[in-house]
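Consider the structure displayed below together with its sequence. The explanation that accompanies it is meant to be read with both in view.

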Amino acid sequence: DSNDKFLLDLPKVELHVHIEGTLTPELRWKFAQRNGQVLKLERTGTVYHSLEQLKASYTIIQPRPGHGIDNAEESFTFFEAYYGGFEILVTHQDFYELAMHYFERVAAMNVRHCEPFFDPQGHTRRGVTWDTMMGGFRAAQEVAEKNLGVLASWIMCFLRDLTPQSAMEHYQAMLPYRDMVVGIGLDSDENDRPPSLFADVFALAREAGLHITAHCDVGNKDTHKHIHQVVSTLGGSGAHRIDHGLNAAQSPELLRLIKEKGIPMTITPWGYLRHEPVDEIFPRIRALYDAGICFAIASDDPAYMEDTWILHDMLLVKKMCAFSNQDMATLARNAAEMCWAPEAVRTEIL
Ligand code: HPA
Ligand code: ZN
């Protein structure tokens with residue numbers, strides 16, 4: 001309908017998408033065939049013999065431990081599925097096609113600029129070189145800019161379930177590719193892994209002129225403590241952005257702090273459906289909006305969230321928060337204002 005057309009036509013900036021989370025079953029199957037790999041789920045030893053079986057596996061991803069219901073023994077967690085996908089990313093061509101597929105998908109949704117996350121530790125630990133990974137991304141980024149009109153800069157995330165020392169080593173190893181990287185993030189399993197563990201490397205990155213952000217996942221048991229760290233101390237005086245952090249909506253003190261410091265947030269509605277009831281999620285998103293907090297809508301891990309990309313997240317939030325087209329235009333503009341592209345690019349999108 002016409003609402004869809006309005007949202008489709010809005011110029012978009014996507015600020016919270018894990019490039020590895022855009023790995024569809026089709027791509028995974030293709031790369032595995034090409035590289036002669038068997039597709040299997042490590043923990044259970046389940047082997048996928050066809051694309052159809054692999055596709056079915058994407059629909060039974062369980063909520064993460066500690067969230068929601070646990071049922072079938074054969075089910076697996078989001079992280080098992082997500083890191084399972086990493087296994088088939090081996091060659092320059094794999095990384096190139098992964099990124100190119102994302103750029104093509106979102107070009108069709110009028111995305112003009114994006115800042116995808118990547119998780120180098122998930123690749124180096126399997127023996128993939130930085131040149132393979134970054135070379136593939138760089139080649140895709142150049143084609144996307146030239147042929148699709150989609151600009152990209154990358155946010156390197158540290159896996160918070162690994163050590164601060166590993167994060168520091170990866171920070172140093174990234175420096176030869178510094179021109180591609182606009183910021184540093186923090187992702188993976190947040191349970192008992194506060195942002196403060198990574199204080200040193202975030203401070204170093206910030207001093208070096210990189211932007212910094214960190215995930216505060218919805219429903220984490222320490223979420224208010226973690227949001228407070230990200231907002232007030234990460235990198236010395238607080239991050240430039242916060243990823244998720246939706247539970248701040250329950251804390252007047254955090255809302256005030258976020259607003260005062262002008263720290264914008266990225267919100268990825270589809271993913272939250274796995275963790276919290278609908279009537280907890282959308283009133284909180286609405287509350288952030290009504291409190292005048294700047295946030296942007298994004299897709300997070302589209303391939304692992306029923307194939308929902310940024311446009312679908314925008315449609316969902318419009319409907320469930322009863323946002324007007326004008327509100328949606330505001331959210332799209334927020335993303336352009338929040339982004340870490342050079343001023344010239346930002347004003348062009350705005
Ligand atoms: N949360 C934390 N880390 C992640 C996610 C997520 O949803 N997706 C990819 N890495
Ligand atoms: Zn994320």
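The following paragraphs proceed from the domains to the sheets, then to a pair of helices, and end at the ligand.

The model is a predicted one, and this should be kept in mind throughout. The domain assignment of the chain gives two parts: domain 1 comprises 2-19 + 92-349, and domain 2 comprises 24-88. Between the C-alpha centres of domain 1 and domain 2 the separation is 24 Å. The two domains touch through 15 residues of domain 1, which are in contact with 15 residues of domain 2. On the side of domain 1 that touches domain 2, the elements giving two or more residues are helix H5 (92-107) and helix H6 (121-124). H5 supplies the largest share of that side, namely four residues. By class, the side of domain 1 that touches domain 2 consists of three nonpolar, six polar and six charged residues.

The strands may be taken next. Strand E1 (residues 12-14) and strand E6 (residues 111-114) run parallel and are joined by three bridges. Within this pair, Lys12 lies opposite Val111 in E6. E6 is also joined to strand E8 (residues 151-152), again in the parallel sense, by two bridges. Here the bridge partner of Cys114 is Ala152 in E8.

The partner of E7 can be examined at residue level: two bridges join E7 to strand E9 (residues 154-159), and the two strands run parallel. Phe117 stands opposite Ile155 in E9.

Another open sheet of four strands, also with parallel pairing, has the order E12-E13-E14-E15. Which strands stand at the edges of this sheet? They are strand E12 (215-216) and strand E15 (295-297), and because each has a single partner strand, one side of each lacks a neighbour in the sheet. E12 pairs with strand E13 (residues 242-244) over two bridges in the parallel sense. In this pairing, Cys216 is placed opposite His244 in E13.

Attention now turns to a helix pair. The axes of helix H13 (residues 278-290) and helix H14 (residues 310-321) come within 9 Å and cross at roughly 90°. An angle of 65 to 115 degrees counts as roughly perpendicular, and H13 and H14 are therefore roughly perpendicular to each other. At their contact, Phe282, Ile285 and Arg286 in H13 meet Val317, Met320 and Cys321 in H14. The residues of this contact divide into five nonpolar, no polar and one charged.

The ligand site remains. Which residues surround ligand 1? The shell is formed by His18, Gly21, Tyr82, Asp187, Ser188, His215, Asp217, Gly271, Asp300 and Asp301. By class, the shell around ligand 1 contains one nonpolar, five polar and four charged residues.

Conventions
Residues numbered from 1 in each chain as written. Chains lettered and ligands numbered in written order. Predicted model: local features only at pLDDT ≥ 70, side-chain atom pairs only at ≥ 80, totals over all residues. Near = placed C-beta within 6 Å. Nonpolar A, V, L, I, M, F, W, Y, C, P; charged D, E, K, R; others polar. Pairing = 2+ DSSP bridges. Domains from an automatic or database assignment. Contact = placed C-beta atoms within 7 Å. Axes fitted to C-alpha atoms, helices over the stretch in contact; angles between N-to-C directions. Parallel < 35°, antiparallel > 145°, perpendicular 65-115°, else oblique.
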